[in-house]
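Hello,

Here is the structure I promised to pass on. Have a look at it first, and my notes follow below.

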Amino acid sequence: MPLTMEEKSILIQIARKSIEAKLDDKKIELHIDPAKFAILKSKSGVFVTLKINDQLRGCIGYITTDEPLYKTIQEAASHAAFEDPRFPPLQKSEYDEVELEISVLSEPYPMKDYDEIVIGEHGLILEENGQRGLLLPQVPVEHGMTKEQYLDSICRKTGIPQDTWKKKKLNMYLFTAEVFDEKEPEAEDGIS
């Protein structure tokens, strides 16, 4: 079931409050009405992406989780801001420039054939030689990739030669994601 605008707004706010709390060295406090927002207690994989001036500043997430969606977003936002090994921890001076994007993932399922992959619709999870890599569905669109470039990219990300997919069928999973960011119109504030 797709998230409503209000639920999306709440999830963005949860991610923001999580980052703010860590920057201010405070505990995050959320008061969510589970009766009104039951979907927020669902268990879905999620990724939180931080950008500054449309440039990646952090991205961390979970393919699957046993935690409720809102808690997973709290953790992913904090990790993306302060623990993404590709970037130094977010500084307070950068906070106002950060734009957040959230991807709520569907359950991954095994790919039968490369022809199943639809650019802009499917994210890829590759498990090969004891390593795992993931690309979100929006990645090939943002970078203008063809399907072949997308497959090359997931191979590189997983640490195997980029043309491995041409030589054999890889152990790949597909998923979809509901992707939204702060640029979407905001709904009423549902948290305090």
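Contact here means heavy atoms within 4.5 Å. Please keep in mind that this is a predicted model.

With that cut-off, Leu-90 touches Ile-19, Leu-23, Leu-50, Arg-57, Ala-81, Phe-82, Tyr-95 and Val-98, leaving aside residues up to four places away in sequence. Leu-90 also belongs to the largest nonpolar core, which has 31 residues. Along with Leu-11, Ile-14, Ile-19, Leu-50, Ile-73 and Ile-102, Leu-90 touches the most other members of that core. At least two residues of this core come from each of α1, β1 (46-52), α2 (69-82) and β3, and α2 gives the most, with eight residues. Apart from this core lies another, of 25 residues, including Leu-136, Tyr-150, Leu-151 and Trp-165.

I also checked helix α1 (residues 5-23). Its 19 residues should span 27 Å at 1.5 Å a residue, and this agrees with the model because the end C-alpha atoms are 27 Å apart. Just after α1, Asp-25 has a positive phi of about 55°.

Glu-101 is buried but has no salt bridge: the nearest side chain of opposite charge, that of Lys-51, is 4.5 Å away. What the side chain of Glu-101 does make is a polar contact with the side chain of Gln-138, at 2.9 Å. Setting aside residues up to four places away in sequence, Glu-101 touches Phe-47, Val-48, Thr-49, Lys-51, Gln-138, Glu-142, Val-179, Phe-180 and Asp-181.

Best wishes

Note on methods
Residues numbered from 1 in each chain as written. Predicted model: local features only at pLDDT ≥ 70, side-chain atom pairs only at ≥ 80, totals over all residues. Heavy atoms only, no water. Buried < 20%, exposed > 50% of the residue type's maximum accessible area, 1.4 Å probe, protein only. Lys, Arg positive; Asp, Glu negative; His and termini not counted. Salt bridge = Lys/Arg side-chain N within 4 Å of Asp/Glu carboxyl O. Polar contact = N/O pair within 3.5 Å; in protein donor to acceptor, adjacent residues only side chain to side chain. Helix = DSSP H or I, 4+ residues; strand = E, 2+ residues; numbered from the N terminus. Expected span 1.5 Å × (residues − 1). Core = buried A, V, L, I, M, F, W, Y, C linked by side-chain atoms within 4.5 Å.
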